[in-house]
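Subject: Structure handover

Hello,

Here is the structure I promised to pass on. Please open it next to this email and follow along.

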Amino acid sequence: MVIKRKIPNQKEMVNLLRSGKVVLPPLSFRVLKDKPEKTKAIGFDVLVEASWRGNTARFAVECKALSTPKAFKAGLNLLKTESLPRGCSPLLFLPFLGEQQLKELEQEQISGIDLCGNGVVVVPGKFAIFRSGGENRFSSSAPIKNIYRKNSSMVARVFLSCPGYETVQEVCGEVNRRNILVERWNKTPMSLSTVSKSLKALEEDLIIDRKGTIRLLQPDKLLEKLSQNYVSPNINNKIRIKVQAEAETLRQLLRRQSQELGLPIVAAGTSSVGQYAVMQRADLLTVYCPRLEMLLERLSGSRTDRFPNVELIETDDETVYFDARENTEFWWASPVQVYLELMAGDKRDRETAEQVRSLILKDIEQVRQ
């Protein structure tokens, strides 16, 4: 079990280097001096010497106190473009470096070390070390622990519906407008501060850019992040019933009851696949609803697990209702919700998810053009 610790600031990280507590076996590091006066405008933080079996090499170190993709890219770009002190090679120092970041450093011929035992240090003719697998021992410094999960994920998802906005207020308004439980069920709207914190984290992950307008940079990476962090909604109750009605008539019946009761209902992602992809599904219609007893009082049918045609799931998880699409027949889950539910399914589901993913990315590209 990895115990999470608070991320040290930049000064504390340099002090750890100075005290000899940063190691990358078999290398040892020794701080030569703080950054010289001539390099203060450039931004190098300290000069170090790495040694092993009598071989030594000097490095100009760029230290970042965050391990976000944005911080990594900023440090990497500085080391690639700025002039180094004479006799020094570039070295990036972060709290944590993942394997893909280490490979990118290796490809760019730039060394890097972290506080978790990972690193790549290559000096031709002296030593070449690549060490990965050390787990991240530091808790996230982000204001929201995981912006790709539960309600905060709606800020990320809204960019897959519209990839650009003028202001934070516009993003906030669009998130709440697309949230059916806010519009039709008196759920508390998402606050501007929550949206702002989520946007900051998305920017740190290089998912969006906030120079001028707020725009989506990497829709494919955003879908991957949402899928990796997706969790099924909290379910309060689940009931299967048999209603004497064919599929289209059944949907019209449910839609009418929803309108008369003022009760939001949305087909689950697995029942909405046909709106966005080609896939044969069972006749069972799975529907999300925040209050089942209201619907059951007016819905004639018998509860059964033998050949039911409706599955009613009671949940007030806002994400499953978010950005639902309405047509004359019914309310269907958004393409993003369909994609996430399919990706959490079996091999056949995941294969179908690729169709939905392609549709989402194609729609975004059309909007951009």
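The largest cavity has a volume of about 70 Å³. One cavity of 30 Å³ or more is present in the structure. The terms need care. On a 1 Å grid over the protein atoms alone, a cavity is a set of points where a 1.4 Å probe fits but cannot get out, while a pocket is an open set with protein on both sides within 12 Å along at least five of seven lines. Lining residues have an atom within 4 Å of a point. Grid points are joined across faces, edges and corners, and a volume is the space filled by probe spheres set on the points.

This is a predicted model, where local features need pLDDT of at least 70, side-chain atom pairs count only at pLDDT 80 or more, and totals for chains, interfaces and linings use all residues. Residues are numbered from 1 along each chain as its sequence is written, and side-chain values use heavy atoms, with hydrogens and water left out.

Back to the largest cavity. Its lining includes Tyr-148, Arg-149, Lys-150, Asp-317 and Leu-340. Helices (H or I, at least four residues) and strands (E, at least two) are DSSP runs, numbered from the N terminus. By class, the lining of the largest cavity has five nonpolar, three polar and four charged residues. Here Ala, Val, Leu, Ile, Met, Phe, Trp, Tyr, Cys and Pro count as nonpolar, Asp, Glu, Lys and Arg as charged, and the others, Gly among them, as polar.

At least two lining residues come from each of β11 (237-242), α9 (247-261), β13 (285-289) and β15 (310-314). The lining of this pocket divides into 16 nonpolar, eight polar and 10 charged residues.

Now the helix pairs. Axes are lines fitted to C-alpha atoms, for helices over the stretch in contact, and angles run from 0 to 180 degrees between N-to-C directions.

How do α12 and α13 cross, and at roughly what angle? The axes of α12 (residues 335-343) and α13 (residues 347-368) come within 8 Å and cross at roughly 155 degrees. The two helices are therefore roughly antiparallel to each other. Angles under 35 degrees count as roughly parallel, over 145 as roughly antiparallel, 65 to 115 as roughly perpendicular and the rest as oblique. The crossing of α12 and α13 is left-handed. That word applies if the near helix is turned anticlockwise from the far one by less than a right angle; clockwise gives right-handed. The contact (heavy atoms within 4.5 Å) includes Tyr-339 and Leu-342 of α12 and Val-356 and Ile-360 of α13. Its residues are nine nonpolar, one polar and three charged.

Helix α13 also packs with α8, at an angle of about 145 degrees and with the axes 10 Å apart. This crossing is right-handed. Pro-219, Asp-220 and Leu-223 in α8 meet Arg-357, Ile-360, Leu-361, Ile-364 and Arg-368 in α13. That contact has five nonpolar, no polar and three charged residues.

The axes of α2 (residues 69-81) and α3 (residues 99-107) come within 12 Å and cross at roughly 10 degrees. That makes α2 roughly parallel to α3. Their crossing is right-handed.

Last, two backbone details. The peptide bond from Pro-25 to Pro-26 is cis, with omega near 5 degrees. Pro-26 sits in the loop between α1 (10-18) and β1 (28-34). Asn-186 is not a glycine, yet has a positive phi of about 60 degrees. Asn-186 lies in the loop between α6 (180-185) and α7 (192-204).

Best wishes
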